[in-house]
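I set aside some time to browse this structure and kept notes as I went. Here is the model, and my entries come after it.

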Amino acid sequence: MKEFNIKDLVRKNILELQPYMSFRDNNTFENPVFLDANESAFGELNRYPDSTQKELKEKLAVLKDVSAKQIAVGNGSDELIDLIVKVFCEPKKDAILMMNPSFAMYGFYASVNENKVAKLNLNENFGIDKEEFFKISNEEKPKVFFLCSPNNPTGNSIEDIEFYIQNFDGIVVVDEAYIEFSGKKSCIELLGKFPNLIVLQTFSKAWGMAGARVGIAYGSEEIIQLINTVKSPYNVNYLSLNKISELVSNKEFVKSNIENTLNEIPWLKNELETINCIKKVFPSDANFFLIQFENVDKVYRKLLKNEILTSKRSPQIPDCIRINVGKREENNRLINVLKGI
């Protein structure tokens with residue numbers, strides 16, 4: 001990677017943009033009368049939430065051993081993906097790089113922003129070929145590389161992530177939505193080493209709070225300031241902020257959630273491998289399995305007929321369905337239907 005200068009990567013108009021600042025949230029008052037934001041004086045949720053998400057950031061800073069200034073909070077990781085594209089990628093000019101197959105929303109938000117989506121095809125084991133990485137990086141010159149690990153929908157962790165961070169001439173976004181299930185170290189530990197690194201995490205998976213829609217970005221203070229500059233004011237609602245702030249202080253809650261899923265994984269994998277219509281259960285570091293079937297369309301229709309909702313990945317990944325780990329009674333229902341096919 002050439003010498004890194006964040007200003008060489010950021011869109012010029014973003015560098016000149018002045019962020020929205022809530023006077024209320026950036027000052028301290030003892031007994032205020034709020035007549036500044038045209039809110040109703042009546043109602044249970046009549047006040048805007050803290051636009052700086054100060055309390056949650058301070059708790060996460062302790063939990064992750066980073067500065068609160070290295071944290072941005074989004075309305076789900078999806079919003080943060082969108083903001084990252086907007087900060088760094090000039091519409092109709094710049095490109096992003098994403099693995100193929102991987103989480104579709106990287107390409108979606110790039111397309112919304114009129115950016116080219118360069119795809120790095122994974123090998124037969126769903127790993128990255130380093131020569132192909134260099135080839136497509138040199139040809140397309142993407143500004144941002146979205147690297148999901150463990151990867152969705154394949155379930156595997158990407159090996160040697162530090163290599164790609166070090167050798168990419170742009171921003172590398174490591175999406176760790178499923179990191180808590182993997183037993184791997186988080187790339188948050190690499191933030192001090194690589195100024196071009198952003199790490200995404202979420203409360204939607206291991207924390208069991210998908211309905212709250214809260215995602216987190218960790219990065220350098222410069223990068224986080226840029227994300228906060230372009231985000232909407234009050235982007236995360238009061239109820240979600242309060243609930244997540246409570247849970248962050250409760251380590252036993254997330255530990256229990258993770259253990260419940262991890263305890264179910266080996267049982268489900270063993271059951272799946274006994275089923276005749278299943279050709280292969282791919283290794284997974286996440287809370288789901290990618291499964292290759294005989295007659296995948298028939299299997300998918302049968303599951304749907306029995307109101308078992310799964311994610312069909314064929315034809316992009318031939319003959320495959322992604323199925324996440326449920327509770328034992330849900331997994332039993334799945335197994336019983338598959339055995340009847």
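The entries below follow the order in which I looked things up, starting with the strands.

**Entry 1: strand β4**

I reminded myself first that this is a predicted model. Then I went to strand β4, residues 144–148, and asked how many of its residues are buried. I found 5 of 5, so the strand is mostly covered under the cut-off I use, where buried means under 20% relative accessible area.

Next I checked the two faces of β4. In a regular strand the side chains alternate between the two faces of the sheet. Here I noted Val144, Phe146 and Cys148 on one side, and Phe145 and Leu147 on the other. Both faces are covered, with each of these residues buried.

**Entry 2: the partners of β4**

Which strands does β4 pair with, and do they run parallel or antiparallel? Strand β2, residues 95–100, is joined to β4 by 3 bridges, and the two run parallel.

**Entry 3: Ser157, on the way to α6**

I stopped at Ser157, which sits in the loop between β4 and α6. Is Ser157 buried or exposed? Its relative accessibility is 10%, so I put it down as buried. Its side chain makes a polar contact with the side chain of Asp285, at 2.7 Å. Leaving aside neighbours within four places in sequence, I listed its contacts as Ser149, Pro150, Ser182, Lys184 and Asp285.

**Entry 4: Lys119 in β3**

I looked up Lys119 and found it in strand β3, residues 116–121. Lys119 has 43% relative accessibility, so it counts as partly exposed. Beyond the neighbours within four places in sequence, it is in contact with Leu97, Met98, Asn100 and Ile136. I also took down a spacing: Lys119 and Asn100 are 19 residues apart along the chain, and their C-alpha atoms are separated by 5.7 Å.

**Entry 5: aromatic rings**

I counted aromatic pairs and got 17. In one of them, Tyr48 and Tyr234 have ring centres 4.4 Å apart and planes at 10 degrees, so I logged the pair as stacked. This pair links distant parts of the chain, 186 residues apart: Tyr48 is in the loop between α1 and α2, and Tyr234 is in the loop between α8 and α9. Tyr48 comes out as partly exposed, because its relative accessibility is 42%.

I then compared notes on Phe145 and Phe168. Their ring centres are 5.7 Å apart and their planes are at 45 degrees, so this pair is tilted. Phe145 lies in β4 and Phe168 in the loop between α6 and β5, so the pair ties together parts 23 residues apart in sequence. Both residues are buried. Ring pairs also link Phe145 and Phe168 into a cluster with Phe133, Phe134, Phe163 and Tyr164.

Arg328 lies over the face of Trp267, 4.0 Å from the ring centre. The charged end of Arg322 sits over the ring of Phe288, 5.7 Å from its centre.

**Entry 6: the open sheet**

I traced an open sheet of 4 strands in the order β8-β9-β11-β10, with antiparallel pairing. β8 and β10 stand at the edges with a single partner strand each, so one side of each is left without a neighbour in the sheet. Strands β9 (288–293) and β11 (320–324) are joined by 5 bridges. One of the bridge partners I noted is Ile321 of β11, paired with Ile291.

I turned to Val236, in the loop between α8 (221–230) and α9 (238–248). At 1% relative accessibility, I marked it as buried. Not counting residues up to four places away in sequence, Val236 touches Pro49, Gln53, Val73, Gly74, Asn75, Val214 and Leu241.

My last stop was helix α3, residues 76–88. How many of its 13 residues are buried? I found 12, so the helix is largely enclosed by the rest of the structure. The buried residues include Asp78, Glu79 and Asp82.

Key. Residues are numbered from 1 along each chain as its sequence is written. This is a predicted model: local features need pLDDT of at least 70, side-chain atom pairs count only at pLDDT 80 or more; totals for chains, interfaces and linings use all residues. Side-chain values use heavy atoms; hydrogens and water are left out. Buried means under 20% relative accessible area, exposed over 50%, partly exposed in between (1.4 Å probe, protein chains only). Contact means heavy atoms within 4.5 Å. Two strands pair if DSSP finds at least two bridges between them. A polar contact is a pair of N or O atoms within 3.5 Å; within protein, one must be able to donate a hydrogen and the other to accept it, and residues adjacent in sequence count only if both atoms are side-chain atoms. Rings of Phe, Tyr and Trp (its six-membered ring) pair if their centres lie within 6.5 Å; planes under 30 degrees apart count as stacked, over 60 as edge-to-face and the rest as tilted. A charge sits over a ring if NZ of Lys or CZ of Arg is within 6 Å of the ring centre and within 35 degrees of the ring normal.
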